[in-house]
Amino acid sequence: MKASKLIIAAVITGAAFAATSAMAQPGGIGGRATIKSTVKMNGKLDVKRGATAHFANFKLKNSRINGNADVRGYSETDGPVTVKKNGRLGHGSFGMYNSQITGNVKADIEAKSKRITVGRGAKVFVGAVDMYNQSKINGNLDIRAKGETGTIKAGKNSIGLVSALQMNGSTIGGNTRFKLYSRTGNLTLGKNAHTYIASASLTNSAIGGPMTMTSNVKLGNVKLGKNANFAAGAFRMNNSSIGGSVDFTSDVSAGNVSLGSGADVSLGSFQSS
């Protein structure tokens, strides 16, 4: 464990911003936040078992920004990326956990990697947006997310987001605009693995105003294990609501697609349940 901490300590120095608080009342920033970060890594990235790495990553946990947030992050790794069992990688991404931004949010995030190997139960976010546990943006949300990777191999029970948005138990009060772009090589998902590429997923969440989503995806071959879940250029909404109109445009190109027993795949689809 000490070795993992030492490795990640070096990694975290390249993080754009991480706000955390262990207090019952959220910590925070009194005014607007402008975050700009560029990280380029020439060698390989190895995230050990249970370790966490943030590269050009913006994350709020139990925190609050009393104003607008402007986030621009670019992260690039030239060598292979390996995230071991239960590891976590935030790679040019934006995340909110039990947090609030009272104004508008504009996020321009981009991440590039070559081969990515994700271990069992690991979580990897590449040019992605993740909002969960009662997070809220009072104003508008404008996202341009771009993710480019080579081959992706994801282990059992892993979670991966590539230039994608995931909301769980969260709220956006105003208008939303998602512009999602991804170029990915061959993709292999293990049993119960979940991967979203240039897609948006809302669960128990709400968007107050209209939503515009544009997605452009090019994939290699896709192979899904038993009960794996995969979406590319797709929008999924479960027990959620959008207060205004919806404008959805998706362009997806893929090679061969193979589904294991009970697997679920959505390419360029719009689903609400």
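A salt bridge, as I use the term today, is a side-chain nitrogen of Lys or Arg within 4 Å of a carboxyl oxygen of Asp or Glu. Hi everyone, and please keep in mind that this is a predicted model.

Let's start with one pair. Asp108 and Arg144 form a salt bridge, with N to O at 2.6 Å. Asp108 sits in strand 13, residues 105–112, and Arg144 in strand 18, residues 141–148, so this contact ties together parts that are 36 residues apart in sequence. How accessible are the two partners? Asp108 is partly exposed, at 30% relative accessibility, and Arg144 is partly exposed too, at 31%.

Glu148 and Lys146 make a salt bridge at 3.6 Å, N to O, and Glu148 counts as partly exposed at 22% relative accessibility. Through shared partners, salt bridges join Asp108, Glu110, Arg144, Lys146 and Glu148 into one network.

Elsewhere, Asp70 pairs with Arg72, their closest N and O atoms lying 3.7 Å apart. Arg72 is partly exposed, at 39% relative accessibility. How many salt bridges turn up in the whole structure? The search finds 10.

The largest pocket holds about 240 Å³ of space. Its lining is made of 16 residues, and those nearest the centre are Lys123, Asp130, Ile159, Gln166 and Asn168. Several strands give two or more residues to that lining, among them strand 15 (123–126), strand 16 (129–132), strand 20 (159–162) and strand 21 (165–168). By class, the lining has six nonpolar, seven polar and three charged residues.

Key:
Residues are numbered from 1 along each chain as its sequence is written. This is a predicted model: local features need pLDDT of at least 70, side-chain atom pairs count only at pLDDT 80 or more; totals for chains, interfaces and linings use all residues. Side-chain values use heavy atoms; hydrogens and water are left out. On a 1 Å grid over the protein atoms alone, a cavity is a set of points where a 1.4 Å probe fits but cannot get out, and a pocket is an open set with protein on both sides within 12 Å along at least five of seven lines; lining residues have an atom within 4 Å of a point. Grid points are joined across faces, edges and corners, and a volume is the space filled by probe spheres set on the points. Helices (H or I, at least four residues) and strands (E, at least two) are DSSP runs, numbered from the N terminus. Ala, Val, Leu, Ile, Met, Phe, Trp, Tyr, Cys and Pro count as nonpolar, Asp, Glu, Lys and Arg as charged, and the others, Gly among them, as polar. Buried means under 20% relative accessible area, exposed over 50%, partly exposed in between (1.4 Å probe, protein chains only).
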